[in-house]
Amino acid sequence: MESRKRSRRQSGAALANGGNDDDDQEYHGISRSSRRQPRVDLSKLEVPTLKKYRRVFNLGGVIDSKEELVPAVARHFASQVVDEDDILLNFAFSLKKQYLARRGLLPKKAKGKSSG
């Protein structure tokens, strides 16, 4: 089990000794390069969904066939940059807020009055 758990970041000493941050480095048994590749089969989406994606993200062009829409949407989807740490932090905060709200523990907001 220990061989599967590797640190995502190398220590300063490891970097000074010539270590590098390869994309092939594994973290919990999953290579970093494979974690970056979207594993979404966009060809399973219906044409109206693909068209809406194209419209919402302003991909432009008049593409009506599914065979043309799928690669265009896939290119755009794959180009999106996601900060995993930020996403996980926001998710944790939203869970905490839900938990507190369900128990009535959220502080009450002042309505329209400022204290200054």
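This is a predicted model: local features need pLDDT of at least 70, side-chain atom pairs count only at pLDDT 80 or more; totals for chains, interfaces and linings use all residues.
Local features require pLDDT of at least 70 and side-chain atom pairs pLDDT 80 or more, while totals for chains, interfaces and linings use all residues. Residues are numbered from 1 along each chain as its sequence is written, and side-chain values use heavy atoms, without hydrogens and water.

Beyond residues up to four places away in sequence, V70 touches L42, S43 and L50 (heavy atoms within 4.5 Å).

In α3, L50, Y53 and R54 are buried (under 20% relative accessible area, with exposed over 50% and partly exposed in between; 1.4 Å probe, protein chains only). They lie on the same side of α3 because their arc around the axis, taken from the directions to the C-beta atoms, is only 100 degrees. The buried residues of α3 pack against α4. The face turned away from the buried side carries the exposed residues P48, R55 and V56. N58 follows α3 and has a positive phi, near 50 degrees.

The structure holds one salt bridge (a side-chain nitrogen of Lys or Arg within 4 Å of a carboxyl oxygen of Asp or Glu). K51 and D64 form this pair, at 3.6 Å from N to O. K51 sits in α3 and D64 in the loop between α3 and α4, 13 residues apart. K51 is partly exposed, at 28% relative accessibility. D64 is also partly exposed, at 47%.

Note on methods: Helices (H or I, at least four residues) and strands (E, at least two) are DSSP runs, numbered from the N terminus.
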